[in-house]
Amino acid sequence: MYQHTRLTNNNFTFFQKFRNFDYILLICILLLGFISLATMYSTDGGKILFHTKSHFIKLMVFTMMMLFISFINIKFWFSVGYLSYIVVVSLLVWTYFFGITSSGSKRWMDLYFINLQPSELMKIFIILCLAKYFHRMKLENVNSVYTILTSLIIILLPMGLVIVQPDLGTSVLIAVSGIAVLWFAGINHKYFIYTMLGFVISLPFVIAFLKPYQKLRVLTFLNPDKDPLGAGYQIIQSKIAVGSGGIFGKGFLKGTQSYLEFLPEKHTDFIFTLFSEEFGFVGSVVLLVIYIIIIYRIIAIGANSRSYFAKLFCYGFGAAIFVFITINMSMVLGLLPIVGSPLPIMSYGGSSMLATMIGFGIVMSARVHSQQLIA
Amino acid sequence: MINSSSDNVKKLNSINRRMFITGSLKFFIMVGIVSRLFFLQVKENKKYLTLSDKNRIREWKLAPVRGEFHDYFGNVIAGNFEAYQLHVIPEQVENFKYVIYRLKDLLELSDSEFKKVLKKKKEIKPWETLIVSNNLSWDKFSKINNHLYDLNGVKPVISISRNYPFDENFTHIIGYVSQANEQDIENTELIKKNFVPGLKVGKIGLEKSFEEKLIGTNDIERYEVNAYGRRISQLEFQKGKKGQTLKLTVDTEIQKLANELLKDKAGSICVMDIFTGEVIAMHSSPSFDPNLFVFGISQDNWQIIRNDPMKPLLNKTLQGRYSPGSTLKPIVALSALENGIINTNFTVRCTGKTELYDQTYHCWKKEGHGYVSLRNAMKMSCDTYFYEIARKLGVDKLSETAKKFGLGKKVFDNLFEIEKDGLIPNTQWKKNALGKGWLLGETIITGIGQGYIQTTPIQLCLMTAQIANGGYKIYPKIVIDDKDKIKPSDYYTPLYKNSRNIKIIQDAMFGSTNEVMGTSYRSRIDNPKYQFAGKTGTAQVKKITERERELDLKTSEIPYEQRDHALYIAYGPYVNPRYALSIVVEHGGNGSTTAAPMAKRLFKLIIDRHEMRQSINQKKYLEI
């Protein structure tokens, strides 16, 4: 059944692979890594402390890993598509039973050298799994009930496991990653429209079933000034920090909101706030441009890939990264309620960086092996 | 095969179409985020910059330096001194327990004081200042300084605080300061504005009346703070202004003499310049030490002051309401002359008692004075004579004259909030207040300053001064204020109808003091430089029964609370008078034996110091 249109392209030499790298993407990733390191240094108050060191080590290790992944043939990622999904799902199940509880939710598993958050990995591996699922499918079959049900199960299973942790934010992001692939795979746009409508209509009922702290977040988003020292504190302080940054920012290491500790969670979800305070509108736009170039390169790689699997993965991953970035930014700018969602690469946190770097690695592998066909 | 490849093409078309849709969506979302950034960082930048500064910059106010009080000669009578204090910032101490016990030893703190310190420590945040001791003696302060090597984190601090160098002498004029309470903060805007923990404000007297001038403004320190309120760095220090220094008209030496004269007695002395209305001395006895209140008075001391039967907390000069007794007689006589009821030739025969309206009215002299004219009646203080002219005069006309001369209403307006009006009764008053008609018998006793009539010592002093200056209105003052509130046209408006009448009264008062048979003859000074004229008064505290009248007890034989009040009013020198005074000694017995001799000593000093006072005055004009 295998069809080889080109016999030659199956095995590249190491040097050839190296030459096939997308250097623009690589430079942008390294640039982002450098910016994130500088920002982390600022959150530590201009000293090289725990967060900076830890972030640096992770950045080094995971960048190496990304390069390593790039050399692995895209065929390999195709072949482990389901397996990796099953592994991550089992990790989620393991976390459910034996995970580490911290600030009221059970999200982490203790791997001795690192605390891993499997839900973050799921954001990437669900794309891999669904990309594999739709790779061979004929377009006529995509909209069959069986396909839709199966893909929904693939999405809902990890979502459910993450919701019970509880971690609504990440589970929504997993769903977004999955749905992005479904969209590119060609599922009838009617379904998306219906789902959207259904969601909007059921929103009030969903809110009624939310946990009190989640309800509070939504209400706080709608009116942060109602309780400025309590629930609204984060969003108000974040807006103050961003707004006071102005056009050119307060200057590196001079973000008063952050070093005087008015800014909550400045290492993780609110890292963009700190960056924006210190580097202002100009700096923020520059950061956005870097992200846009990265996403553009990812999509370009997808477009140039011969295999449908690689295309699907790149488009899906590109869309997912875009959503992660915009949700995080909208959240700190007061456009969305506060949900725990890190800013890729910038935020402190190993699992998120690991997942993103794996994603970049696979995209890079798709680029290196762009002529690879997968039957 | 073809099937599959055409399917591939379809799939590619589909995915590329959808990629395009997604791309446009992404573009709009990006535009949204950038415009939000633009809105926050460029358009609303000012607003958020202000909010951010409000977050990080906090002001600390320090207690302002209070203005001082000086006497007429520039002596400080309420000043500031450097209080030695001990501050500890718990957070900066490595071993708080060790340090605090070490301090307990060194300062010899009692257990209850120590507990208070520990309790205070619990109430504050670890980076706030704990004041272990707010007024240390120099000995202890230097002892602590010697042991500082052992007391990490302990800061000896010199802080500025109120001090009254003349102790009890000026308490009833100046009052005292103490820690501001909620009421003070609520009532006075300026206290609210300048409030810092530990701020001391005037509680009574001029300290309270002039709070707004005295308080000054805070030093302000601006610090950058973090989200938990901890100071990170100082940004600015803004020096405050010291409160205004107030100069009083009072002469410390005379004030001190007044205090000495009234030692162990309850009563009041006040002295006034009869032309300028300047109060030279104003003392109420017993007094108390205002320094006790500055750092909060101890319960023991407070109980002693509060439970003293002589009532040191009462300002008798302004609050004490006394029957004027015979000191009213100059006004009664003046009123009778002014209203043409009598002339200088009018005589009354005094037999010691007189029957009027079925009631017997006694003269103080049982045997009677015989035939007395106005001058002799004043001189010997014959009651019968004044019963008679009061009866002819009527209470309404009398009250009119009395009020004109300053009796029955506050002398200082609103300067002292505790000052009382006193009471000059008339028929209308009795109808309104008691709902009864005036009885003629009441007019008769009003004629000798008994009955409903009540005056304060400062009113008697003002009355005397206005008789002494020839019958002209003056406005008493105690603070030398650059901007006089009184219009020049209001000065020296005559209070008499005929100036000859004033002369008659002055002459009669001269006789009372300087002629044989005068009630205060024994207290006279013959030297014309010091010679003064006065009128004694003895105010009954209760009605004297017939039995007591027969017994005729000496003052020392009567229980203290039932003894008469002794009063004396006087002015001097008789030729070219300048000063007037009033003396009240509660339960002092007799005006001529208790109060008048005090006047003698006072006038000596007052007139001796007159030239000094004048030279200060001239210097003031020279400076202008």
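## About the model

This is a predicted model, in which local features need pLDDT of at least 70 and side-chain atom pairs count only at pLDDT 80 or more, while totals for chains, interfaces and linings use all residues. Residues are numbered from 1 along each chain as its sequence is written, and chains are lettered from A and ligands numbered from 1 in the order in which they are written.

## Chain A at a glance

Chain A holds 16 helices and three strands. Helices (H or I, at least four residues) and strands (E, at least two) are DSSP runs, numbered from the N terminus. Of the 375 residues in chain A, 50% are buried. A residue is called buried if 20 or more other C-beta atoms lie within 10 Å of its own, exposed if 12 or fewer, and partly exposed in between, with C-beta atoms placed from the backbone.

Two residues are in contact if their C-beta atoms, placed from the backbone, lie within 7 Å. Among the contacts in chain A with a separation of 6 or more, 71% join residues 24 or more positions apart.

## A three-stranded sheet

The strands of chain A form an open sheet in the order S1-S2-S3, with antiparallel pairing. Strands pair if DSSP finds at least two bridges between them. Strand S1 (100-102) and strand S3 (115-116) of chain A are at the edges with a single partner strand each, so one side of each has no neighbour in the sheet.

Strand S2 (residues 105-110) of chain A is joined to S3(A) by two bridges, and the two run antiparallel. Here you can find A:Asp110 opposite A:Asn115 in S3(A).

## Two crossing helices

Now look at H15(A) and helix H16 (residues 350-368) of chain A, whose axes come within 10 Å and cross at roughly 140 degrees. Axes are lines fitted to C-alpha atoms, for helices over the stretch in contact, and angles run from 0 to 180 degrees between N-to-C directions. H15(A) is therefore oblique to H16(A); angles under 35 degrees count as roughly parallel, over 145 as roughly antiparallel, 65 to 115 as roughly perpendicular and the rest as oblique.

From H15(A), the contact uses A:Ala310, A:Phe313, A:Cys314 and A:Phe317, and from H16(A) it uses A:Gly359, A:Ile362, A:Val363 and A:Ala366. By class, these are seven nonpolar, one polar and no charged residues. Ala, Val, Leu, Ile, Met, Phe, Trp, Tyr, Cys and Pro count as nonpolar, Asp, Glu, Lys and Arg as charged, and the others, Gly among them, as polar.

## Where the chains meet

Chain A brings 35 residues to the contact and chain B brings 34 residues. On the side of chain A that touches chain B, helices H9 (168-185), H12 (233-245), H13 (256-259), H14 (271-304) and H15 (308-332) of chain A each supply at least two residues. H15(A) gives the most, with eight residues. That side of chain A has 20 nonpolar, 11 polar and four charged residues.

Most residues other than glycine have a negative phi, and most peptide bonds are trans. The bond from A:Gln165 to A:Pro166, however, is cis, with omega near -5 degrees. A:Pro166 sits in the loop between helix H8 (145-163) and H9 of chain A. Chain B has a cis bond from B:Ser285 to B:Pro286, with omega near -5 degrees.

B:Asp167 is not a glycine, yet its phi is positive, at about 45 degrees. B:Asp167 is partly exposed, with 14 other C-beta atoms within 10 Å. B:Met517 also has a positive phi, near 85 degrees, and counts as exposed, with 11 C-beta neighbours inside 10 Å.
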